[in-house]
Amino acid sequence: TSGKVDEGLMTRPIDADAKRAISEVDLAPNLAFVNDKDTTQGKTERSVYEYAYQQGIKGDELKSFMAQVGHESGKFNDIEERGYLWKNTTSFSKERKAGLVKNNITKDNATSEKIFNSIYEGVNGNGNYASGDGSTYKGRGYIQLTGRDNYRQIGEDIGVDLETKPELMLDPSVARKASVAWWKRNVQSKNPDYTDTEAITRIINGGINGLAERKKLFSRYGEIVTAVDTSLRPKARPIRLASN
C-alpha cells in the first residue's frame with residue numbers, strides 16, 4: 001500500500017445535548033467493522049465508511065459499498081493493484097493467456113509491467129500493449145479504478161486530473177473520493193437491489209470473482225454494535241458528477 005493514510009474517525013462518546021448542539025454534523029450510525037480501529041487498516045476503513053455516508057450512501061447501499069470496496073482493497077490493505085508474477089498467469093482466462101502469447105510474453109521475459117500492459121490492453125479506453133496504458137492505469141483506490149477512461153471520467157467528477165497524474169490515486173483522500181464517485185456513476189445510477197451481492201459484484205468486477213467473501217462482508221457490515229464510534233468532522237461536500 002502506498003501513500004499517507006488518513007487518521008480516520010475520531011472516537012469519543014457524545015451525549016444527547018452535544019448531538020443537539022452540533023446541528024451541522026451528520027453522524028454516521030454504528031456498525032461492525034472488519035478491522036480494529038487502532039490499526040492503519042481500521043482507520044482507513046472507518047474514514048472510507050464515514051465519507052461514503054456523508055455523500056448520501058446509507059442503509060443497504062452503504063453495506064454493499066463497504067463490502068465491495070472491502071474486498072477490492074483486500075480489507076483496506078491495498079490501495080494499488082498488486083503486480084503479477086509469471087506463476088500467477090496459470091489462472092488467467094483463455095483471453096488473457098492469448099494476449100500474453102500475442103505480445104510475446106514468456107516465462108523468460110515476463111515482468112509485472114508487461115503483464116499489466118497485456119491483460120489491460122484495450123480495456124476501458126486503454127491503448128494497445130505498446131502504449132503502456134495497462135500498467136499506467138492499473139487498479140488503484142479502494143474500488144480499484146482501472147483504465148484510462150475511468151481515470152479521466154472520475155477525475156473530472158472529483159476535480160482531480162487523474163488521467164495525467166494517475167499516481168494521485170495513491171493519496172487516500174483522493175482514493176476515497178474517486179471510489180465513491182465511481183460507485184455513484186456506475187452502481188447507484190442503475191438503482192439496483194443492494195442486497196443482491198452477486199448482481200452488484202457483476203457491476204464492479206464484470207463477473208463474480210470473490211463473491212463468497214463479498215457476501216460475507218455484506219453480512220458483517222449489517223451487524224449492530226453497541227460501542228460508540230463516531231466522528232465530529234463536518235459533512236463532506238457532495239460529489240457532483242460531470243456530465244457525459
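Before you click anything: buried means under 20% relative accessible area, exposed over 50%, and partly exposed in between (1.4 Å probe, protein chains only). This is a predicted model, where local features need pLDDT of at least 70, side-chain atom pairs count only at pLDDT 80 or more, and totals for chains, interfaces and linings use all residues. Residues are numbered from 1 along each chain as its sequence is written, and side-chain values use heavy atoms, leaving out hydrogens and water.

Start by selecting Asp149, which is partly exposed with a relative accessible area of 33%. (Helices are DSSP runs of H or I with at least four residues, strands are runs of E with at least two, and both are numbered from the N terminus.) Their side chains meet in a salt bridge, 2.7 Å from N to O; the term means a side-chain nitrogen of Lys or Arg within 4 Å of a carboxyl oxygen of Asp or Glu. Arg152 is partly exposed too, at 32%.

Keep Arg152 on screen and pick Glu163: another salt bridge, with the closest N and O atoms 3.5 Å apart. Glu163 sits in the loop between α7 and α8 (172-186), so this pair ties together parts eleven residues apart in sequence. Glu163 is partly exposed, at 21% relative accessibility.

Next, hop to helix α9 (residues 197-205) and select Glu198 and Arg202, four residues apart, about one turn of the helix. Their side chains form a salt bridge at 3.1 Å, N to O. Arg202 is partly exposed at 44%, and Glu198 is partly exposed at 30%.

Across the whole structure, a search finds 14 salt bridges.
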